[in-house]
Protein chains: 2
Amino acid sequence: MTEIFDGAMELQNAVADVLRRAQSAKRTLAIAPTKQKNDALRKMGEALWADRAAILAANAADVAAAREAGQPEARIDRLALDERRIEQMVDGLEALIELPDPVGEQMEHFVRPNGLDIRKLRVPMGVVAMIYEARPNVTVDAAGLALKTGNVAVLRGSREALQSNQAIVRALHRGIATAGLPSDAVLLIERTERETVDFIIRARGLVDLAIPRGGEGLIRRVVENATVPVIETGVGNCHVYVDKEADFAKATPIVVNAKTHRPSVCNAAETLLVHQDVAKVWLPQAAKALRAKGVELRVCERAYAVLAEAGLTDGVEYATEEDWATEYLALTLAVRVVDSLNDAIAHIERYGTLHSEVIVTEDEAAAQQFLRRVDAAVVYHNASSRFTDGFEFGFGAEIGISTQKMHARGPMGLRELTSYKYVVHGDGQVRK
Amino acid sequence: MTEIFDGAMELQNAVADVLRRAQSAKRTLAIAPTKQKNDALRKMGEALWADRAAILAANAADVAAAREAGQPEARIDRLALDERRIEQMVDGLEALIELPDPVGEQMEHFVRPNGLDIRKLRVPMGVVAMIYEARPNVTVDAAGLALKTGNVAVLRGSREALQSNQAIVRALHRGIATAGLPSDAVLLIERTERETVDFIIRARGLVDLAIPRGGEGLIRRVVENATVPVIETGVGNCHVYVDKEADFAKATPIVVNAKTHRPSVCNAAETLLVHQDVAKVWLPQAAKALRAKGVELRVCERAYAVLAEAGLTDGVEYATEEDWATEYLALTLAVRVVDSLNDAIAHIERYGTLHSEVIVTEDEAAAQQFLRRVDAAVVYHNASSRFTDGFEFGFGAEIGISTQKMHARGPMGLRELTSYKYVVHGDGQVRK
């Protein structure tokens with residue numbers, strides 16, 4: 001028992017040491033001029049490219065170990081780097097240079113009757129901990145986003161990517177230092193025991209914000225145990241509701257796009273809700289288009305009856321209660337016929353995850369009802385849920401998609417990594 | 001053991017029941033028209049006034065029990081109501097009617113090259129839990145702020161105020177129902193066991209935001225244990241730094257005001273930092289003015305020497321390390337002579353609580369340095385820290401003063417009780 005306890009203490013101290021270094025660096029980062037931060041981003045990219053041989057060698061060792069350990073091929077694909085992927089990392093850093101620096105932006109300015117001049121200015125959050133899985137590109141992405149916004153990045157990747165991450169961070173440090181900023185602006189937690197996550201997310205006073213980026217299990221573990229501020233990202237059980245007044249020429253492409261354009265991501269549709277008045281006419285068309293893209297359907301009894309009558313039961317199964325709550329992240333779509341707009345909204349209220357919800361209709365009043373009443377980060381009228389994305393929204397960068405209501409909601413760009421402060425000028429005012 | 005366990009389960013279920021009712025009510029509140037919400041605020045005030053005899057009787061019982069239990073007089077003073085205090089509660093509700101409704105406010109509007117029309121609109125947070133102490137006025141205040149912003153208020157006051165709170169909430173319910181809104185818009189947690197707080201702050205999915213309002217102990221307990229989103233309020237170890245270029249005619253009134261105007265609140269100053277170049281000339285003047293207001297001084301050795309030379313050691317003691325970290329909330333002020341602006345900033349970095357920090361100087365460059373580098377919700381140049389207040393900032397209401405960086409910082413008005421959603425209009429767009 002003592003041994004375990006000592007081990008935990010030692011681990012906690014190791015993590016705390018890194019977090020304290022981050023805290024020391026944060027005040028320098030917070031006031032770093034835009035030009036210097038952009039210079040650092042450029043130098044970080046140059047150093048990555050210069051070190052590509054070392055990074056690829058480290059990554060090859062990670063990949064070999066992952067293969068040895070019998071990791072699934074999809075996971076190995078996310079882990080593996082090549083020159084093209086390193087080039088993409090460099091391009092990502094370059095793209096950040098072009099974006100406006102949110103730090104220092106004046107959000108509001110007002111003068112009180114007593115003459116106090118009050119400005120609300122954006123400031124960095126401070127120390128931002130990113131917790132993610134075996135994707136070395138996230139290391140560069142997170143470091144770049146944090147640096148551009150004057151935050152210190154504490155990176156906790158997974159054990160499988162450790163050698164890759166170490167080689168990458170070594171290059172990033174050189175780039176940052178060349179630009180005259182503290183290399184502690186980007187810190188890798190090199191201890192990858194499971195418990196390090198718990199220490200990070202409970203390190204009040206040392207972590208200003210934690211963002212988990214990864215699968216549902218990781219996110220749930222973080223949000224359920226964190227006592228530091230967290231932004232919850234990622235889980236999207238998104239719906240497309242095809243109303244009785246839908247234009248089928250819009251409905252079919254939207255459903256097909258929302259489901260099949262990239263099924264593995266959080267803004268993909270998982271359930272199709274169809275108004276009973278159009279189910280008979282439209283559902284067979286939609287099913288054909290979806291089946292042509294290889295989509296399996298899990299349907300309610302009414303939908304099954306419609307499809308059976310049209311002779312379209314291949315790749316179609318009855319849905320169970322579980323299907324309504326499932327984020328398939330695959331070429332599977334749940335389908336339910338609903339009696340009314342109200343029933344569609346009630347279904348979404350029950351099973352939705354506050355991510356992205358779509359109505360397809362030409363009835364303006366129905367659209368207004370849906371957009372107003374459905375509680376989600378993004379609600380759409382006649383467009384695919386796939387647009388819930390920082391780049392598609394024009395932010396030029398994306399930290400993730402927030403599914404919480406506090407601080408940031410929906411696609412998060414650079415501004416969502418900032419807080420603000422009030423700067424007040426007086427000439428001797430005191431309170432009466 | 002079984003008995004304790006069953007008791008805890010029963011309590012948890014009782015709290016969860018209330019929270020589920022809150023969740024059911026929140027969708028109605030979220031889309032309630034401004035006029036109806038304002039009508040409810042008016043009716044709530046009328047019902048409070050009509051029920052004043054019953055409320056005062058319930059309050060008298062609470063006060064008698066608190067006296068019996070030997071509660072300190074300051075605490076009883078906060079608990080006790082009279083007609084004038086009920087009138088103030090009604091006035092508070094009336095004042096909210098006049099304020100603009102933040103819900104539905106368009107924060108941004110942009111059209112993407114593909115024609116998607118994206119609006120960012122304010123929406124309520126949902127279910128807001130307020131956890132507070134034996135102050136029945138907070139019950140009315142929190143209910144009014146939540147209702148105006150379309151949120152459901154879950155109120156967890158303290159056991160000592162339970163009868164008062166029950167009588168108040170009974171009146172509020174009648175007012176809300178008269179306006180045609182669900183009376184579950186305001187819900188009192190009537191179980192006041194200590195553990196109810198723990199259930200509330202860990203009820204993920206049932207509580208959208210928790211705000212502790214009270215002493216440091218309560219706030220720390222909430223922020224250290226919560227897994228639901230929390231806004232941390234209240235602790236203010238605020239500093240006034242008097243620079244070598246300070247105008248003494250501003251410095252003295254600012255320090256006296258910041259310390260003595262209302263010493264028991266979070267935006268009062270707790271430590272005075274004085275540049276060594278002006279300590280000898282100005283500190284004796286300041287000490288006289290502060291002593292005249294009854295302020296006790298806890299001073300560093302250099303300050304003591306200056307004061308001793310001026311024959312001003314009455315009410316002056318040497319400061320210990322602990323003094324720099326203490327939020328006195330009383331007529332006590334720590335005083336330290338510093339070598340430079342940098343040393344003043346370093347002191348604040350070490351001991352400050354990110355609340356409100358003041359520089360008094362005529363040197364614009366020094367002021368800029370201070371305002372830029374000091375990390376606090378509000379930084380002041382030549383004004384008293386006492387202005388950190390929702391009403392003084394012109395918000396017309398105040399939820400509290402946030403000392404965190406996430407979501408809301410500094411004085412919080414109505415807008416800080418809201419989130420936002422993106423509403424997207426298309427005409428059939430799909431992602432390429």
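# Briefing: a predicted two-chain model

Just after helix 3 of chain A, A:G70 adopts a positive phi of about 75°. Chain B can be superposed on chain A with an RMSD of 0.0 Å by a turn of 180° and a shift of 0.0 Å along the axis. The two copies are thus related as by a two-fold rotation axis. Within chain B, the C-alpha nearest that axis belongs to B:H407, at 1.8 Å from it.

**Contact between the chains**

- The contact draws 80 residues from chain B and 79 residues from chain A.
- About 6,500 Å² of area is buried between chain B and chain A, and carbon and sulfur atoms give 51% of it.
- Of the area that chain B buries against chain A, 14% is supplied by B:M406, B:Y422 and B:R431, more than by any other three residues.
- Because 99% of the interface residues of chain B are also interface residues in chain A, the copies meet through the same surface.

**Domains of chain A**

- Chain A is divided into domain 1, which comprises 2-233 + 411-423, and domain 2, which comprises 238-392.
- The C-alpha centres of domain 1 and domain 2 of chain A are 36 Å apart.

**Helix 3 of chain A**

- With 17 residues at 1.5 Å a residue, helix 3 of chain A should span 24 Å; the C-alpha atoms at its ends are 24 Å apart, in agreement with that expectation.
- Six residues are named as buried in helix 3 of chain A, namely A:I55, A:A58, A:N59, A:D62, A:V63 and A:A66.
- Viewed down the axis of helix 3 of chain A, these buried residues fall within an arc of 140°, so they line one face of the helix.
- An α-helix has 3.6 residues a turn, so residues three or four places apart point the same way.
- The buried residues of helix 3 of chain A pack against helix 2 (34-50), helix 4 (73-79), helix 5 (83-98), helix 6 (136-148) and helix 7 (162-178) of chain A.
- A:A53 and A:E68 are exposed on the other side of helix 3 of chain A.
- A:A53 belongs to helix 3 (residues 52-68) of chain A, and its relative accessible area of 58% makes it exposed, the cut-off being over 50%.
- A:A53 and A:D82 are 29 residues apart along the chain, and their C-alpha atoms are separated by 9.7 Å.

**Helix 5 of chain B**

- Helix 5 of chain B covers residues 83-98; its 16 residues should span 22 Å at 1.5 Å a residue, and the distance of 23 Å between its end C-alpha atoms agrees.
- Buried in helix 5 of chain B are B:I86, B:M89, B:V90, B:L93, B:L96 and B:I97.
- These residues cover an arc of only 120° around the axis, which puts them on the same side of helix 5 of chain B.
- The cover over the buried residues of helix 5 of chain B includes helix 2 (34-50), helix 3 (52-68), helix 6 (136-148) and helix 7 (162-178) of chain B.

**Loop residues with positive phi**

- A:H407 has a phi near 70°, a positive value in a residue other than glycine.
- A:H407 is located in the loop between strand 14 (400-402) and strand 15 (410-412) of chain A.
- The relative accessible area of A:H407 is 16%, so the residue is buried, the limit being under 20%.
- B:L329, although not a glycine, has a positive phi of about 55°.
- B:L329 lies in the loop between helix 13 (321-324) and strand 11 (332-338) of chain B.
- With 35% relative accessibility, B:L329 counts as partly exposed.

- B:G126 occupies the loop between strand 2 (117-124) and strand 3 (127-132) of chain B.
- The relative accessible area of B:G126 is 5%, so this residue is buried.
- Leaving aside residues up to four places away in sequence, B:G126 touches A:K405, B:K26, B:N151, B:V152 and B:D208.
- B:G126 and B:A57 are 69 residues apart along the chain, with 33 Å between their C-alpha atoms.

Notes. Residues numbered from 1 in each chain as written. Chains lettered and ligands numbered in written order. Predicted model: local features only at pLDDT ≥ 70, side-chain atom pairs only at ≥ 80, totals over all residues. Heavy atoms only, no water. Least-squares fit on C-alpha atoms with pLDDT ≥ 70 in both. Contact = heavy atoms within 4.5 Å. Helix = DSSP H or I, 4+ residues; strand = E, 2+ residues; numbered from the N terminus. Buried < 20%, exposed > 50% of the residue type's maximum accessible area, 1.4 Å probe, protein only. Expected span 1.5 Å × (residues − 1). Arc of directions from axis to C-beta. Domains from an automatic or database assignment. Buried area = accessible area lost by both parts, 1.4 Å probe.
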